[in-house]
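This briefing covers selected local features of one protein structure. The points are grouped by topic for reference alongside the sequence and the 3D view.

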Amino acid sequence: MDLAAPTGENAGQIVKDELAEKCQKLFQAFLEEFQTGDGEVKYVPEAEELIRPERNTLLVSFTDLEGFNQELATTVQEDYYRVYPFLCRAVRNFARDHGNVPVNKEFYVAIQDLPTRHKIRELSSMRIGSLVRISGQVVRTHPVHPELVSGYFLCMDCQGVIKDVPQQFKYSPPTVCRNPVCNNRNRFHLDTHKSKFTDFQKVRVQETQAELPRGSIPRSLEVILRAEAVETAQAGDRCDIIGTLIVVPDVSQLSTPGVRAETSSRVGGAQGYEAEGLRGLKALGVRELSYRLAFLASYVAPTNPQFGGKELRDEEQTAESIKSQMSVKEWEKVFEMSQDKNLYHNLCTSLFPTIHGNDEVKRGVLLMLFGGVPKTTMERTSLRGDINVCIVGDPSTAKSQFLKHVEEFCPRAVYTSGKASSAAGLTAAVVRDEESHEFVIEAGALMLADNGVCCIDEFDKMETKDQVAIHEAMEQQTISITKAGVKATLNARTSILAAANPVSGRYDRSKSLKQNVNLSAPIMSRFDLFFILVDDCNEVTDYAIARRIVDLHSRIEDSVDRLYSLDEIRRYLLFARQFKPKISSESEEFIVEQYKRLRQRDTSGGVSKSAWRITVRQLESMIRLSESMARMHCCDEVQPKHVKEAFRLLNKSIIRVETPDINLEQDDEMEEEENGTHTHLQTLVQESTPSLHTHSRAALLKCLLCPFSGHKGQAEGPGNGQANGTNVTSGTSGTNGTNGHGDGENGHADQDGSQAKPSLRLSFPEYRRISNLLVLHLRRAEEAEEEGELRKSAVVNWYLKEMEAEIDSEEELINRKDLIEKVIQRLVHYDHILIELTQGSLKGSRSPSQEEEVVLVVNPNYTLED
């Protein structure tokens, strides 16, 4: 920055910085001479780019500088702030030599590839002025302003011109007029047309959670971006910033009322004498603490633990550009993974090696990471591609572990707890800046996780008004703010992974999902997948989980068996996400059929009224999950097999809501899985028999006491930790575990207590089917006035005759008779669908000999569900 030549004896001498000028010459020689491996001068094409009006910054690699001249590189690193104007001058000369650039155009230099990285906490006054590289997360961005770099002033007294007055972070007029005759010191006018301005932006960077020492609050630092560096960092980005530490006046301290920040000399008291007497700790130490550290950035690059320095979900990349960033070995590994026939299972086990079982949840979270394809319609309406997953379950079912795993794995993930989060903290807050006193937007968790995953733990404990704040973010993927004069719509293109506890602490199977979770219907419909984890007592599963946990504690590293490393999965994920699979016509038909099936089942009588409604959102969820499956296998087209798996996952989360099992034995203490119950029922339905009445009571007892060990549901093994719709029922309690009604004594259960009775369980649709069958038969008999058909024994015999084709053996007939009697017992005593009558009296006044003469009628108030 040239100063005017001295015109008289009074003018001060110009001090030359010989070291900086030497650096300028060496740096210009470096730009002219440094060659790449194939003999071309590296920086000449980039200098020719600077001719364009929007370009003004030359990007130089520090590694190249070290290779050219180690002494120059050391000087630049240690005295960066001192030599920076001279480096910019060298770039200006270099650009003028290689192109026709305007005379008054300013040029800047930006340095990249600095080897060592520092944490924000490590920055101290020792590093002021030297070139350092820091990493952190951007939490607040300010608007871009023009900044005065070089002032052109007019003296108001003598009309003299003072050119090129350098400005340092604040408005700095000349100290005195350069005219030796004029002694003007404070009356100057700035000519804005001839002064030089540059873009200026402030951002606030905060320590990342991984770098935070125990028990510490994250530290933040103001970063000043100039010229081409502005708008390179958005709120939520994890960035590497190369620049220098500077000291700036703390304007906020000077203007804060109540804080006495002295800037003049310490003169107090009357007649210029210093005030005497002790005034406590306030009087000790340096009182002029009106300076603070800031960071002057020259280059900003996104941080990523993987190759290429690109974000995990950068939309601008293509599969080819990602392939070019990989080494040959890395690309071979990605190709090998894409050919893996068992990729789905291997990715799940490699991503969550320390969590045992819960395979369905692992699959859902894995598909969430791959994500669907975001689309934009012709009317510019955006259709989201991100998948939202909610995990509901009992305590100690590894819900928070899933969230923590995803947060550590995903480069742009934010972990937050529902109880400790407010609406503004989740979306965005409008705060007043301390210096400029204007309102700026501070990003919340959903904005920070833009193009990533937001993990929200304790989701059910959020206040209702805070839950409402994320409605828009979950479906439209934007956050709209209208407050304090700020109107803005911000992007929140994030997947939400939420964990919630049931209302009563443990999941109650007798109630629907809606009654178990403290969530509103709009929020529930916005989740693509609901997973319910139930802590069941099961000998096989408990043994496997206990062995797994003990193994993990005793051999932490050796016990983890990963087929693929996390870096390999990240690389594969980045590559696979570049695919934009299209839905084939065959898959379209399949999706429509499956959706129709779900809707019809939703409106049929086989589903409880309080079940989760199937809406168009579930159809979109199926499409997103299908696209995610296709992406995972690197397919350009969604095939029916992908839709099938998506439907299975979606169906799993819906079925769990709709079908509590019906326990027909109050003293059954054993747990059975939903799949086991179905197996039991199918086996029951496949056998037939001759008449019952020829058998003696001893034979009947023998048959009834024979346990159905072969028919009972298999305990869920280590491969699947997810329980399916059952719960433990106590043998002594008077309530039934499935729907909470009081359980009376079974009239026909007078058997030897020392023998174990068989467990009789029915899935809800099967129970409803049998009850509807009985109700229809009884109503037909009532209309036809056939009183003989209404007797209990006649109804049992009618049902057995109806099922004759499905009964194979004598034993099966006994079991089926027992089953239908218990169903009738339940319909009478718990559900009150049927009423027992005797001839001329109600049930309670009859003698035991009249037991078989009980007449069954349908409750007149009962309406049959279609």
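The side chain of Arg384 reaches the backbone oxygen of Met474 at 3.1 Å. The model is predicted, and the values below are computed from it.

- Arg384 is located in the loop that joins β12 (382–383) to β13 (389–393).
- With a relative accessible area of 7%, Arg384 is buried, because the cut-off for that class is under 20%.
- Setting aside neighbours within four places in sequence, Arg384 contacts Pro374, Met474, Glu475, Gln477, Arg526, Asp528 and Arg624.

**Packing of helices α4 and α5**
- The axes of α4 (residues 70–78) and α5 (residues 80–97) come within 6 Å and cross at roughly 115°.
- The two helices are therefore roughly perpendicular.
- On the α4 side, the contact involves Thr75, Val76, Gln77 and Glu78, which meet Tyr80, Val83 and Leu87 of α5.
- By residue type, this contact of α4 with α5 comprises four nonpolar, two polar and one charged.

**Loop residues with positive phi**
- Most residues other than glycine have a negative phi.
- Glu231, although not a glycine, has a positive phi of about 65°.
- Glu231 belongs to the loop between β8 (220–226) and β9 (238–249), and it counts as partly exposed at 45% relative accessibility.
- Glu458 is likewise not a glycine and has a positive phi of about 50°.
- The loop between β17 (453–457) and α14 (464–468) holds Glu458, which counts as partly exposed at 24% relative accessibility.

Key
Residues numbered from 1 in each chain as written. Predicted model: local features only at pLDDT ≥ 70, side-chain atom pairs only at ≥ 80, totals over all residues. Heavy atoms only, no water. Axes fitted to C-alpha atoms, helices over the stretch in contact; angles between N-to-C directions. Helix = DSSP H or I, 4+ residues; strand = E, 2+ residues; numbered from the N terminus. Parallel < 35°, antiparallel > 145°, perpendicular 65-115°, else oblique. Contact = heavy atoms within 4.5 Å. Nonpolar A, V, L, I, M, F, W, Y, C, P; charged D, E, K, R; others polar. Buried < 20%, exposed > 50% of the residue type's maximum accessible area, 1.4 Å probe, protein only. Polar contact = N/O pair within 3.5 Å; in protein donor to acceptor, adjacent residues only side chain to side chain.
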